[in-house]
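I'll talk you through a few salt bridges first, and then a strand and a helix.

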Amino acid sequence: MTPTPELLTAPNLRARHGFSTRRGGSSKGPYGSFNLRHGLGDEHDAVERNIDLFLEAFGSSRDRLCVLKQVHGGRAVEARPGESQEADAHVSIDPDLLLVVGWADCLPLLLSDPDSGAVGAVHSGWRSTVAGIAGETLRLMNELYGTQPERVRVALGPGICGDCYEVGDEVAQAVTAAGAEIALRAGSRPGKWQLDIPRATLHLLEKAGVDPDNVCYPGWCTSCEPGRFYSHRRDRGLTGRQWAGIRAQD
């Protein structure tokens, strides 16, 4: 029997999209069951089957798949199939392309422009967040497709929550320098802070001109739900990766 992957969706996005969970794939052990990344110790054939299932759910093919070499920075690019560009966000207006970002605890964002049909997929860990990846993605969509930030629809996927994510002074200082200190609160020990990446992202999106009413954030936490999500921090690196995917509107 062919597994059926679980894909989470947001009601505010008109474009075809989904955030995968760890449910509904072929992987075993700590990678069970819908791991979508090679090179972590999972069986090669299992990952390939999982990728095929993901593509099937989107009605897409390998030659239309756009992935990135994610580098935890602030660069956004126009999507290109078959080419792994170094960036943490990509955008497109081509409905034949499937844009994907992968993650375990970092925050995935999917963007949709209801006017032009353009979309974006963003990988935002703390480094990308303070580097302004959300604002840079919006800037690029405006440059390429005329996207207006106040019209954009944004969906935040599952990521580690502020209660589960403890950081040190260096990270807290970087977050403060980026103007997102609202996402910090004192930790349980001196020199430690609880960082809420989703809250930082929501704040920075609003500063970039996005209407908060156009943002969907259900509050899923990768670390809090071991049966549903992979979490690099919770599982100490021995875990799989989810994918977030989106296609431009026809």
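So, Asp235: with 23% relative accessibility, Asp235 counts as partly exposed. For the cut-offs, buried is under 20% relative accessible area, exposed is over 50%, and partly exposed is in between, using a 1.4 Å probe and protein chains only. The side chain of Asp235 meets that of Arg234 in a salt bridge, 2.9 Å from N to O, and Arg234 is partly exposed too, at 22%. By salt bridge I mean a side-chain nitrogen of Lys or Arg within 4 Å of a carboxyl oxygen of Asp or Glu. There's also a network, where salt bridges with shared partners join Glu6, Arg23 and Arg228.

Before I go on, this is a predicted model, so local features need pLDDT of at least 70 and side-chain atom pairs count only at pLDDT 80 or more, while totals for chains, interfaces and linings use all residues. Residues are numbered from 1 along each chain as its sequence is written, and side-chain values use heavy atoms, with hydrogens and water left out.

How many salt bridges does that rule give? The count is 12. One of them pairs Lys69 with Glu86 at 3.3 Å, N to O. Lys69 sits in strand S4 and Glu86 in strand S6, so this pair ties together parts 17 residues apart in sequence. Helices and strands here are DSSP runs numbered from the N terminus: H or I with at least four residues for helices, E with at least two for strands.

Another pair, Glu143 and Arg139, meets at 2.6 Å, N to O. Both are in helix H3, 4 residues apart, about one turn of the helix. Glu143 is exposed at 52%, whereas Arg139 is partly exposed at 39%.

Now strand S8, residues 98-103: buried or exposed? Mostly covered, with 6 of its 6 residues buried. One side has Leu98, Val100 and Gly102, the other Leu99, Val101 and Trp103. S8 runs parallel to S3, joined by 2 bridges, and antiparallel to S16, over 5 bridges; strands pair if DSSP finds at least two bridges between them. Cys66 stands opposite Leu99, and Gly102 opposite Trp243 in S16.

Last, helix H4, residues 169-177. Val171, Ala172 and Val175 are buried there. The face turned away from that buried side carries the exposed residues Glu170, Gln173 and Ala177. Just after H4, Gly179 takes a positive phi of about 80 degrees.
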